[in-house]
Amino acid sequence: MWGLIFLLAGLFVALGSTYMILTKKAINPKGLIMPGALLTVIFLGLAYGFLGVYWDDYAKDALTYVRQGAEEKIIVLKEYEVDQDFGRFSGPTEYIYITSQGEAFTTQTIFEVDLILGAEYKVHYLSKTNYLVGIERIN
């Protein structure tokens with residue numbers, strides 16, 4: 001939430017100061033360059049910090065999913081883990097599917113599929129983050 005607020009503030013300062021400088025509506029256009037650039041860098045830096053290091057991968061995955069859909073792959077399931085946090089401020093429960101090649105797929109969705117270790121499954125996932133959006137067993 002805070003990351004989005006700082007991102008919008010940084011864009012507002014950058015676009016607003018650029019508009020004021022180019023249209024000469026600022027009282028002192030040359031004096032607006034340094035504070036405008038400094039505030040933009042501060043706000044965008046805070047946005048990057050609050051959004052997290054890998055936020056661009058999540059954004060790219062979302063755009064790829066909307067344009068092309070999820071990627072498909074056939075895997076052999078080696079291990080299945082449930083990562084559950086407890087406490088008042090706990091995060092969501094994550095389900096981790098580990099393949100025989102060592103690749104890990106994560107999701108926060110419970111799929112209605114019987115999991116058998118060593119069986120083949122067709123998975124639908126997002127390529128940048130290996131987020132699982134679907135899994136089905138191959139007979």
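**Notebook: loops, patches and one annotated span**

I looked up N130 and found it in the loop between β4 (120-126) and β5 (131-137). Strands here are DSSP runs of E with at least two residues, helices are runs of H or I with at least four, and both are numbered from the N terminus. The model is predicted, so I note that local features need pLDDT of at least 70, side-chain atom pairs count only at pLDDT 80 or more, and totals for chains, interfaces and linings use all residues. Residues are numbered from 1 along each chain as its sequence is written, and side-chain values use heavy atoms, with hydrogens and water left out.

Back to N130. Its phi is near 55 degrees, a positive value in a residue other than glycine. Is N130 buried or exposed? N130 counts as buried, because its relative accessibility is 18%. The cut-offs are under 20% relative accessible area for buried, over 50% for exposed, and partly exposed in between (1.4 Å probe, protein chains only).

Next I checked K24. K24 also has a positive phi, about 60 degrees, and is not a glycine. I placed K24 in the loop between α1 (2-22) and α2 (29-51). K24 has a relative accessible area of 66%, so I logged it as exposed.

Patch residues have over 30% relative accessible area and no salt bridge; like charges are joined within 9 Å, and nonpolar side chains (Val, Leu, Ile, Met, Phe, Trp, Tyr) within 5 Å. A salt bridge is a side-chain nitrogen of Lys or Arg within 4 Å of a carboxyl oxygen of Asp or Glu. Areas come from the Shrake-Rupley method with a 1.4 Å probe, and for residues only the protein chains shown count as cover.

Which residues make the nonpolar patch? I listed M1, W2, I5, L38, I42, L46 and F50, with about 770 Å² between them. α1 and α2 each give at least two residues. α2 has the largest share, four residues. M1 sits in the segment before α1. M1 is exposed because its relative accessible area is 76%.

The negative patch on the surface gathers E79, E81, D83 and D85. Asp and Glu count as negative, Lys and Arg as positive; His and the chain ends are not counted. I took each charge at CG of Asp, CD of Glu, NZ of Lys or CZ of Arg. I found E79 in strand β1 (residues 71-83). E79 is at 34% relative accessibility, so it counts as partly exposed.

Last, the unreviewed UniProt entry annotates residues 33-55 as "transmembrane region". In the model, that span is 87% helix and 0% strand, with its end C-alpha atoms 29 Å apart.

Notes: UniProt positions renumbered as here; feature names shortened; annotations may be inferred.
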